[in-house]
Amino acid sequence: MQLSMTAAETARRVSEGELRPLETVDVFMKTAREREPNLHALLAVLEERAGHAAERLDASLSRGEGPGPLSGVPVVLDDGICVRGTPTTCASRMLEGWIAPYDSAASEMLDSSGAIICAKGNMDEFSIGCSTETSAFGATANPCDPGRVPGGSAGGCAAAVAAGYAPLALACDTGGSLLQPASYCGVYGLRPTYGLVSRWGVAALAPSMDQLGILSRTVEDAALALSVISGHDPRDAMSSPGDRPDYMAAVAVPDGKDARRPLAGRRIATVAEMRGGSDLAGACREALDRTLAMLAEAGAELVEVHLPLSFNHGLACYQVLLAAEASSSLARFDGVRHGLSAEADSLNSLYLGTRGKGFGREVKRVAAAGTYILGSDRYEDCYLRASNVRRRIVGELLDALAGCDLIALPTTPTTAFRRGELDGDYFGMSLSLSFTVQASLAGLPALSFNAAGAGELPAGVQLIAPRRGEAGLLAAAAAIERVRASRDEAGERRSER
Amino acid sequence: MRHVYTPVIGLEIHVQLATESKLFCPCSTDYIGAEPNTNVCPVCLGLPGALPTLNARAVELAVRAAMGLSCEIHDGTIFHRKHYFYADLPKAYQVSQYDRPLADRGELYISGDGGSPKRIGITRLHLEEDAGKLVHSAADGRLEGARESYADFNRGGVPLAEIVSDPDIGSPREAREYVSALRRLVRYLGVSDGDMDRGSMRVDANVSVVKSNADTGEILYRGDRAEIKNMNSLRSVERALEYEIRRQRATLESGGTLERETRHWNDGEGVTTSMRSKEAALDYRCLPDPDLGPIEVSREMLDAIRSSLPEMPWEREARFIGDYSLSEVDAAVLVETPALADYYERCVRSGASPLRASNWVRTEVLRVLNERGVGIEECPVRPEELGLLVSMLDEGRASTTVAKEIFGLMVDRGLSLQEATDRCGAHGELSQEDLELAARSVLDANPDVLTEIMGGRDLKGKKRKFICGLVMKETRGRATPGAVEDVIARFLEGME
């Protein structure tokens, strides 16, 4: 079995009996053992659980039971996603040793699809951070350049997929927590429409933006994973009802006259405010240009939209709302019921001791900021104001998307920064989310893929679609993947000559 | 200058809604007597990743209550998170409603101090979740001095409707009337059991006094209000408010000032003590709950609930007075709970005269329930049987003595009406022959008395009554006094 085998290929071979589930688990474990000392992408390896799952799958396949769409596919989950009976720490001392007593919707759906949950990925503590350096259990290295960060919060998951541990990982995206590491590590990152995928069992950061998403190495695998995890869940009041389209059809190779120009008739917009932006690194601008050329080659019409509010005020608006909601989400960690509980002789000292020891610096900073923002004296001036700005940003984005099918822009303003480079520079760190918070604020789906030149550090480009426009995102990314493949082939032929 | 001090009272009442499951999760709400922390799940324990889903039944019950209070009910109101740290609050926030309550601008009529009905405005009614309970190891069960405290989350997440009145209540007596009128209403609507001693209904009071010139009515000073907590019965509501008004008045009379504060009612000592001042008031940092959407209240839902509303207690009371000619006081007692009113009406429907049935239910039945400490649902005598028993009295087929004896047997021995009647030897119907036989034997056994009567010496009729009494005893009360008197009169006439 090859390291780079995709989820689709793995599932096909396992279903057809060419590969046994235990072998896929073995490959995962072997890769992880080899690379973990250098990368530290994982917080827990669920070897026993994965072994049992593989045996169960093996038995059910040999009984002739129909294979699931992800049969035998190793998957990594970020450590904020509950898997019953396994540790779920959110990379915090606060939850060190806490064993989740229930399953998330995601782990239930993965289990029933035949996927094998093999490990929990490292992350920024409670998803607060942009580099996986705030993890209480040590940082993760970027597999493309170990001196650089993998991004964050879902840096562990992105690194695990990029390093070939597993073809798929699921992680929570709040303001770019999944898209930004996808960009830094050179993998696909799909943030679905808010409400498309259940958040049940996913530790909250900012619930109005939190959305479970997918990291993969191919667009087909992202579509495959999305068809498994999307669906209405009555346990999540924000989960939207209604049928989900056939995402696999969206990435299928088109035939007939459309084959060469699959995006004919599609209008794909660039953002006027990105033009001449000095904050954008050259590699990222080139990645965008390269992508636009491929989109045009695939038949898309390129247009331009204006999003002044979203780009001038999006990040500030996001940070106010994030801090407010995060301070609320984090309030429950008080030492009374679960996780860390400090020795104390009064209730107040229990709170102070537990939260003082349990939370890291960044978590405390955000919780304190949120507490300040929600204070009755500041509520209108901070929280309500940010909420109103958010409403206008949503309006601006929806208006723009009424005139085009997709918006294309760099995922991040730079490529992965060096480890320790932005230590303590909260503002500098947060700039890495400059282009991802917009989709989060509006609950829009976004898909990031690597568009760096050969031999360069990964640089992601993202496409943003209207709500529930995942099929359009996947189709466009698949078209780009094919254009790139045909160019690569042509290049190889040239070099052979 | 003479001064008058007028109390101004508003009440905030938390009513536990009678749902089977909690407000945001499927856990049972039946926490009384349950093993600690057995009715819990990731949602009501606030575990990482758990999410709330709104219990539609709780919304329905809150809407019913709002309708009973003639409130305006709003579609699309939202939940807020109200943050504070306490060991009984799993998420460190309570999910409640803040600036947009489910319902507002209602009213409830009570019997005012002037004797006529008084309108008390309802400011708002909103939905929220209950907290868990702390059990302290200190001897008196309070937090102070306890070495250990235990948290039980069985009650955490139970749905509450918080009902806030306008400051229209003018006295402790009116406050008591208001609480009991509200309790009666929620019981009628099936919204809550309304039991204050079990904590199903919890009352907080905002009270202040206004000082004015007795002659001109000019307002001289408005005191800041105090919020009184921990009043666990109708009586303690009245006592706490009486104390607090006295205290505030005395403070003003001695030249002091009143500041906004929260005070704790100590029922044992009969005093309120300061818990926290305005400066120490909590900042709840309210945040619209991003995990919950707006509460949908559709027109269809409102119509369905409206058409399922029962007869309101005040309507029933008026009907009892009109249809059964009961006094206002008696009608009020009988309509206190829908079950008691139903009991009474079933009694009347099985043939009893409304007045006598009212007397029996209010005295005999309520006495038995009080003695046993049970509700009308557990009354050992079925209303239909009581109705038949009362109609035996109505028709002169039993005397009061015998009826009470029969009732006693039904209550104490659990006998049916038939069995108890048999046991008393009172079949109701006593033949004229048997009555005459009994009268004859009594007269034969008392020749001296007979002689006195016949001799015209029984001027006040006492001897005659004595004879009648003996006949009643002989017939074991089966004969009615009238029938006995008739027979004795005929015998005496025959002797003359």
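**Before you click**

Residues count from 1 along each chain as its sequence is written, while chains are lettered from A and ligands numbered from 1 in the order in which they are written. Because the model is predicted, local features need pLDDT of at least 70 and side-chain atom pairs count only at pLDDT 80 or more, whereas totals for chains, interfaces and linings use all residues. The scores are ipTM 0.95 and pTM 0.89. Where pLDDT is low, the predicted coordinates should not be read in detail.

**Stop 1: where the chains meet**

Show both chains together. Residues are in contact if their C-beta atoms, placed from the backbone, lie within 7 Å. Chain A brings 32 residues to the contact and chain B brings 26 residues. On the chain A side, α10 (308-329), α11 (347-358) and α12 (361-374) each supply at least two residues. The largest share, three residues, comes from α10(A). Helices and strands here are DSSP runs (H or I, at least four residues, for helices; E, at least two, for strands), numbered from the N terminus.

**Stop 2: helix α12 of chain A**

Now pick out A:Val363, A:Val366, A:Ala367, A:Gly370, A:Ile373 and A:Leu374, which are buried. Buried means 20 or more other C-beta atoms within 10 Å of the residue's own, exposed means 12 or fewer, and partly exposed is in between, with C-beta atoms placed from the backbone. Look down the helix axis: the buried residues of α12(A) fall within an arc of 125 degrees, so they line one face. That arc is taken from the directions from the helix axis to the C-beta atoms. On the face turned away, find the exposed A:Arg361 and A:Ala368.

What covers the buried residues of α12(A)? The cover includes α10 and α13 (380-402) of chain A, together with β15 (287-288) of chain B.

**Stop 3: a three-stranded sheet in chain B**

Follow β15 into chain B, where three strands form an open antiparallel sheet in the order β4-β3-β15. The edge strands are β4 and β15, each pairing on one side only. Strands pair if DSSP finds at least two bridges between them. Strand β3(B) (residues 80-83) is joined to β4(B) (residues 93-96) by four bridges. Click B:Lys82 to find its partner B:Gln94, then B:Arg81 to find B:Val95. On the other pairing, β3(B) and β15(B) share two bridges, with B:His80 opposite B:Pro288.

**Stop 4**

Most residues other than glycine have a negative phi, and most peptide bonds are trans. Go to B:Arg285, in the loop between β14 (271-277) and β15 of chain B, where phi is near 45 degrees. Is this residue buried or exposed? B:Arg285 is buried, with 25 other C-beta atoms within 10 Å.

Next select B:Arg105 in strand β5 (residues 103-111) of chain B. Its phi is positive too, about 50 degrees, but with 14 C-beta neighbours inside 10 Å, B:Arg105 counts as partly exposed. Over in chain A, the peptide bond from A:Gly152 to A:Ser153 is cis, with omega near 15 degrees. A:Ser153 sits in the loop between β3 (116-121) and α5 (155-162) of chain A.

**Stop 5: helix α8 of chain B**

Finish at residues 338-349 of chain B, whose 12 residues should span 16 Å and do. Among the buried residues of α8(B) are B:Leu340, B:Tyr344 and B:Cys347. Their cover includes α6 (313-324), α7 (328-334), α9 (354-372) and α10 (383-394) of chain B. Just after the helix, B:Gly351 takes a positive phi of about 115 degrees.

Notes:
Contact = placed C-beta atoms within 7 Å. Expected span 1.5 Å × (residues − 1).
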